[in-house]
Amino acid sequence: MTDVFVDSFVYSLGERKIHVNETAAAGRLISSARDLESAGFRWHHVCEPTTSAYDLAKEVTGQLAESGRLGDVDAIVYATCLPLNGNAGDPAQWERTKDVKYLMDFPASRLQADFGLHKAVVIGLNQQACTAMLGSVRLAHALLQVEADWNRVLCVTADRFPEGAKYEQAYNLISDGAAACVVSRQQAAFRLVTAHQITNGGLGQAGDDETVGSYFAYTHRLVRETLERAGLAAADLDWVVTQNTNDKAWQILARLLGVGFEKVFFSSMPDVGHVISADNVVNLAELLATGRVRPGQRIALIMAGFGLNWQCLILEATEAVAAARD
Amino acid sequence: MRGTTVITGADGYLGRRLAAALLTDGDDDLVLAVRAADGAELAAKQQRLDQLLGPQARDRTRVVAADLSRDDALADVDPRAVTRIVHAAAVTRFNVERDLARRVNVNGTARLRAFATRCENLQRLAMLSTLYAAGRRHGDVLEERFDDVGFVNHYEWSKWAAEEEVLDAAGDLPVSVLRLPTLIADDDSGQVTQYNAFHNTLKLFYYGLLSLLPGDGTTPLSLATAAFTTSAVTRLLDPAIASGIYHICPDPADTATLEELIDISFTVFERDPGFQRRGLMRPLPCDQDSFEDLLSAADLLRGGPINQSLSSVSPFAHQLYLPKTFRNDALRAAWPGYAAPDPIALAETTCIRLIETKWGRRTQETP
């Protein structure tokens with residue numbers, strides 16, 4: 001199997017940074033602000049009405065282009081949590097004309113054209129909810145195994161909630177946001193050790209409490225199976241980079257998995273909330289910025305989402321990790 | 001000689017079964033003491049008991065209002081006629097508030113004891129308690145008076161304190177303390193008409209609202225039916241049997257562990273097509289700190305079913321970290337050949353009925 005590497009983690013957030021109290025006062029939460037604050041949430045980021053999910057995707061891709069990290073891309077895997085964010089067209093046009101082409105204005109195609117990635121083919125991923133970013137890396141890894149002449153895959157995820165939506169899902173305070181990274185054959189900051197996914201369609205319409213209720217057993221199973229695939233033990237993990245959810249959840253899971261809680265990293269949570277499928281990238285970027293990731297260290301990225309889906313990646317830092325931090 | 005047995009809490013889950021058993025198996029007159037705020041409530045309870053006990057009970061039963069929070073609670077009962085008292089009235093919720101537990105369970109028992117001292121022909125004062133009056137003990141628990149070693153909820157404490165009220169009078173009164181197990185079904189059919197922490201915990205698991213299992217898997221859990229318990233209490237009311245402290249529970253060797261009970265419960269769940277479709281996993285055993293964290297997190301899920309259900313389960317869950325084995329040598333000596341329900345078979349039939357009735361939401365036959 002060809003070694004595949006991942007790096008160039010970037011993200012973008014909705015322009016308006018709002019305190020949970022303000023959002024509660026606006027009637028855009030289900031829980032009380034006090035309960036969400038007690039769970040570890042403080043601030044979240046919401047797009048201006050004129051900002052689309054695609055605008056967020058352009059923003060993160062632009063960051064890569066400007067820093068010279070976009071490169072010559074063979075494929076774009078464009079992931080959204082909400083399927084409606086997989087269409088960049090104007091809903092009013094569809095309503096006016098009843099022409100379905102306005103429902104197929106694909107943001108991945110736009111991205112290819114806007115950034116001149118003419119060689120790249122595009123793949124949309126929109127049924128993995130918050131796990132879609134990890135899923136896109138997994139898919140990119142698989143593509144690089146079978147497409148012998150491909151070298152680089154751009155993974156992008158971008159979501160914003162529709163105007164008027166409650167900015168809370170399954171007791172998590174939501175932010176609009178996007179993230180991107182590059183998966184390639186060339187040595188980069190992290191080697192992808194393994195990727196794993198579990199889907200339980202029987203819980204596809206699970207309510208918030210069922211989602212929370214199943215979280216521990218399934219996340220535990222996900223990590224256990226991922227470690228088995230990699231031939232690793234929990235003690236071999238140096239970091240666990242999680243999604244931003246109730247801060248008690250990972251205190252519990254860390255004990256159940258036998259991972260020291262000091263290895264669990266979700267520092268962005270008070271400042272950004274749950275950035276849909278971008279949480280792992282946001283947290284990993286913050287972890288890298290601390291300078292604490294050393295070559296040889298192994299990092300598990302873990303996410304649960306609707307569907308219900310659970311995904312996990314294990315990355316191993318290479319000598320290039322120092323450059324990624326800078 | 002025909003006597004008179006007073007049953008407090010006579011319209012309760014066990015009280016009404018005891019009344020029925022004593023009507024069938026004995027010849028005592030029964031005074032059925034119920035809590036009633038006024039004449040209308042008393043009449044309604046009288047009617048309900050008439051229906052449950054049948055018309056033949058009319059000649060031998062009298063329903064009286066008795067609020068044990070009042071000093072004159074049993075003023076309508078002639079103490080000279082009373083030969084036996086069964087104190088079944090209690091608040092039995094694990095999450096009962098301390099003040100209410102004190103008023104009803106402790107002070108109510110004290111008032112009943114005061115009444116009993118005036119019953120010059122009294123042959124037995126039987127107080128129904130709980131095995132969990134043992135509180136935070138672990139290991140072998142004998143049929144003896146308990147010291148205060150701390151309790152995991154106010155219910156346990158109040159039953160211990162109530163035991164103390166009657167045991168203090170054991171030199172003057174023919175006192176028996178009958179410590180009951182967790183009742184999970186009416187009888188061996190597995191039918192459930194009273195739901196408690198056992199059923200609520202299984203409900204959380206079945207509906208996918210909980211995937212952590214609090215407790216030490218090796219913790220034995222004494223489970224029984226109302227039918228078995230009623231038989232035992234009826235037997236121990238016989239004045240020919242020595243007064244004292246009795247554990248009404250299966251033999252230690254016939255007591256299932258938490259792990260075994262979860263296994264049989266999920267074996268039943270996993271046969272259910274709806275459960276299969278949802279692909280719910282068996283729960284992960286978790287340590288006490290993790291369970292505390294879960295409760296803390298669940299406290300933020302206000303109004304949701306997890307929060308509501310866990311609030312009824314959590315006051316008992318701490319006991320699952322305190323493995324204890326209840327000895328029942330005195331019971332076995334007093335009741336040779338007794339047979340408690342097989343715990344695994346009972347749990348299995350109960351789970352089947354719980355699924356069939358969706359925890360009581362679907363109508364089941366009247367008990």
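This report describes a predicted model with chains A and B, beginning with the sheet of chain A and ending with the domains of chain B.

**The sheet of chain A**

Chain A contains an open sheet of 10 strands with mixed pairing. Read across the sheet, the strands follow the order β5-β4-β6-β9-β1-β10-β14-β13-β11-β12. The edges are formed by β5 (121-125) and β12 (264-265) of chain A; each has a single partner strand, so one side of each is left without a neighbour in the sheet.

Two of the pairings involve strand β10 (residues 190-199) of chain A. Strand β1 (residues 5-13) of chain A runs antiparallel to β10(A), and two bridges join them. Within this pairing, Phe5(A) has Arg191(A) of β10(A) as its bridge partner. A helix also lies against this part of the chain: α3 (residues 53-66) of chain A packs on the sheet and touches β1, β6 (152-159) and β9 (177-184) of chain A. The direction of that helix makes about 45° with the direction of β9(A).

The other pairing links β10(A) to strand β14 (residues 309-317) of chain A through nine bridges, again in antiparallel fashion. Here His196(A) stands opposite Cys312(A), a residue of β14(A).

**Local backbone features of chain A**

Two loop residues of chain A deserve a separate note. The peptide bond that leads from Gly307(A) to Leu308(A) is cis, with omega near -20°. Leu308(A) belongs to the loop between β13 (298-305) and β14 of chain A. Lys98(A), which is not a glycine, has a positive phi near 60°. Its place is in the loop between α4 (91-97) and α5 (107-114) of chain A.

**Helix pairs**

| Helix pair | Axes come within | Crossing angle |
|---|---|---|
| α7 (residues 208-230) and α8 (residues 247-257) of chain A | 10 Å | roughly 45° |
| α3 (residues 98-117) and α4 (residues 154-167) of chain B | 9 Å | roughly 15° |

In chain A, the crossing angle of roughly 45° makes α7(A) oblique to α8(A). The crossing of these two helices is right-handed. From α7(A), the residues Tyr215(A), Phe216(A), Thr219(A), His220(A) and Val223(A) meet Ala249(A), Ile252(A), Leu253(A), Leu256(A) and Leu257(A) of α8(A). By class, this contact comprises eight nonpolar and two polar residues, with no charged residues.

In chain B, the axes of α3(B) and α4(B) cross at roughly 15°. An angle under 35 degrees counts as roughly parallel, and α3(B) is therefore roughly parallel to α4(B). Their crossing is right-handed. The residues that α3(B) brings to the contact include Arg98(B), Ala101(B), Arg102(B) and Asn105(B). Among those of α4(B) that they meet as a group are His154(B), Tyr155(B), Ser158(B) and Lys159(B). The contact of α3(B) with α4(B) has seven nonpolar, four polar and five charged residues.

**The interface between the chains**

Chain B and chain A touch through 26 residues of chain B and 25 residues of chain A. On the chain B side, the elements that give two or more residues are α8 (273-278), β12 (284-286), α9 (288-298) and α10 (305-317) of chain B. Of these, α9(B) gives the most, with six residues. The residues on this side of chain B divide into 14 nonpolar, six polar and six charged.

**The domains of chain B**

How is chain B divided into domains? The domain assignment gives domain 1 as 4-182 + 224-252 and domain 2 as 185-220 + 255-323 + 341-357. Taken over C-alpha atoms, the centres of domain 1 and domain 2 of chain B are separated by 28 Å.

The two domains are in contact through 16 residues of domain 1 of chain B and 20 residues of domain 2 of chain B. On the side of domain 1 that touches domain 2, β10 (223-225) and α6 (226-236) of chain B each supply at least two residues. The most are given by α6(B), with three residues. By class, this side of domain 1 of chain B has 10 nonpolar, five polar and one charged residues.

Terms used:
Residues numbered from 1 in each chain as written. Chains lettered and ligands numbered in written order. Predicted model: local features only at pLDDT ≥ 70, side-chain atom pairs only at ≥ 80, totals over all residues. Pairing = 2+ DSSP bridges. Helix = DSSP H or I, 4+ residues; strand = E, 2+ residues; numbered from the N terminus. Contact = placed C-beta atoms within 7 Å. Axes fitted to C-alpha atoms, helices over the stretch in contact; angles between N-to-C directions. Nonpolar A, V, L, I, M, F, W, Y, C, P; charged D, E, K, R; others polar. Parallel < 35°, antiparallel > 145°, perpendicular 65-115°, else oblique. Left-handed = near helix turned anticlockwise from the far one by under 90°. Domains from an automatic or database assignment.
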